[in-house]
Amino acid sequence: MEVDAGREESEGRSVQLSDEDKGKFLLQYVLSRRGVCSERALAKALKALECDGEQLEDGEAEAQVVEMVGRLNVRLSALDYKLVRQRDQLGAWTYAYVDVLPSEDTKLATPLTIEELKYVQWCVREIVEAGQEVVEAQGTKSVVERSVDEALAQSRSGQDGLNAEYDSKSLRFRVSYTAGARQLFQSDALGPLETERLLTRLCQLRWLYRTSEGQFGLATRALAELQEYLRTQYTVPICTVCDEVALRGVKCQCSEGAWHAPCFQHYVAHVSTACASCERPVLEAIYMA
Ligand SMILES: [Zn+2]
Ligand SMILES: [Zn+2]
């Protein structure tokens, strides 16, 4: 009897991790996912580490992740690394492990040769410039567009309903911050084989994402590593709600108002159904597919 009780106690102790250990596990978890991990996945991992994790609410677990990452960053700063919390291309909170040492041009933690770096800068320009072209929103809708429609539909049923003169629950125009494979193979910086290899690598690193139609856009890691570069080199949409670069979601025709899809959901439900800058109704806004 006594032996059993003793063993139980020591087993109980062995799964009791200190906050520091949990922090280390979280960092390892992010690194094992090529340095990019959603907050939701981290919260789930944290719950798995807690012996009473099942009792932890999702919101609480996410708040704990934010707190732990804050403490981790104090230690990582000595090594010039940081876990950056930001919206991923779909608007979900995500962490990316990045190098914070400033370098003269593009600040990248991803190791690239000079030619590759030139190519990446060229890609970024192609992708950002592609986003200037406004077209009719026809055909299949992207995940982002569907969640924008959902937000619009929900907001009109609420008290802060949309103007009744708009019957349609969807937007008329779209832009897309993506470039096609054919386009991205036209660089002088790299040959076709190197281009192919680099594009594959950049997708694996979650630097680029590739749609089912074969279009490439900037993914979480690019948004984390290039946030300042994008803001200073280009005029890119900045989210009205969270103040981060938004290349997918919705933007107003005035280009001042822009939203990630989850931020848009919040905005039309709780803030307004008109652009804060120009007061155009959000139903006249443009999808960023
Ligand atoms: Zn946002
Ligand atoms: Zn506007």
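Two strands count as paired if DSSP finds at least two bridges between them. In this predicted model, strand β2 (residues 81–87) and β3 meet that condition, pairing in the antiparallel sense over 7 bridges. One facing pair is Arg87 and Trp93, the latter in β3. The hairpin that β2 and β3 form has 5 residues between the strands, and within this hairpin Gly91 takes a positive phi near 100 degrees.

Strand β1 (residues 36–38) is joined to β3 by 3 bridges, and the two run antiparallel. Here Val36 has Ala96 of β3 as its bridge partner. How much of β3 (residues 93–99) is buried? Buried means under 20% relative accessible area. Of the 7 residues in β3, 5 are buried, so the strand is largely enclosed by the rest of the structure.

Further along the chain is a metal site. The zinc ion (ligand 2) is coordinated by the SG atoms of Cys252, Cys254, Cys275 and Cys278, at 2.2 to 2.3 Å. The arrangement around the zinc ion (ligand 2) is tetrahedral because its 4 donor atoms subtend angles of 99 to 113 degrees. Along the sequence, the donor residues follow the spacing C-x1-C-x20-C-x2-C. Cys254 sits in the loop between β9 (249–251) and β10 (258–259), whereas Cys278 sits in the loop between α10 (261–271) and β11 (286–288), so this pair ties together parts that are 24 residues apart in sequence.

Are these two cysteines buried, partly exposed or exposed? Cys254 has a relative accessibility of 25%, so it counts as partly exposed. Cys278, at 30%, is therefore partly exposed as well.

Rolling a probe the size of a water molecule over the atoms shows where empty space is left. The largest pocket has a volume of about 530 Å³. It is lined by 22 residues, and the closest to its centre are Ser142, Ser176, Thr211, Glu213 and Ala289. Which elements supply at least two residues each to the lining? They are α6 (143–157), β5 (173–175) and β7 (208–210). Helix α6 gives the most to this lining, with 3 residues. By type, the lining of the largest pocket divides into 8 charged, 7 polar and 7 nonpolar residues.

Note on methods:
Residues are numbered from 1 along each chain as its sequence is written. Chains are lettered from A and ligands numbered from 1 in the order in which they are written. This is a predicted model: local features need pLDDT of at least 70, side-chain atom pairs count only at pLDDT 80 or more; totals for chains, interfaces and linings use all residues. Side-chain values use heavy atoms; hydrogens and water are left out. Donors are N, O and S atoms within 2.8 Å of the metal (3.2 Å for Na, K and Ca); water is not among the atoms, so sites may look incomplete. Four donors count as tetrahedral if all angles lie between 85 and 135 degrees; four count as square planar and six as octahedral if opposite donors are over 155 degrees apart and all others between 65 and 115; anything else is irregular. Helices (H or I, at least four residues) and strands (E, at least two) are DSSP runs, numbered from the N terminus. Buried means under 20% relative accessible area, exposed over 50%, partly exposed in between (1.4 Å probe, protein chains only). On a 1 Å grid over the protein atoms alone, a cavity is a set of points where a 1.4 Å probe fits but cannot get out, and a pocket is an open set with protein on both sides within 12 Å along at least five of seven lines; lining residues have an atom within 4 Å of a point. Grid points are joined across faces, edges and corners, and a volume is the space filled by probe spheres set on the points. Ala, Val, Leu, Ile, Met, Phe, Trp, Tyr, Cys and Pro count as nonpolar, Asp, Glu, Lys and Arg as charged, and the others, Gly among them, as polar.
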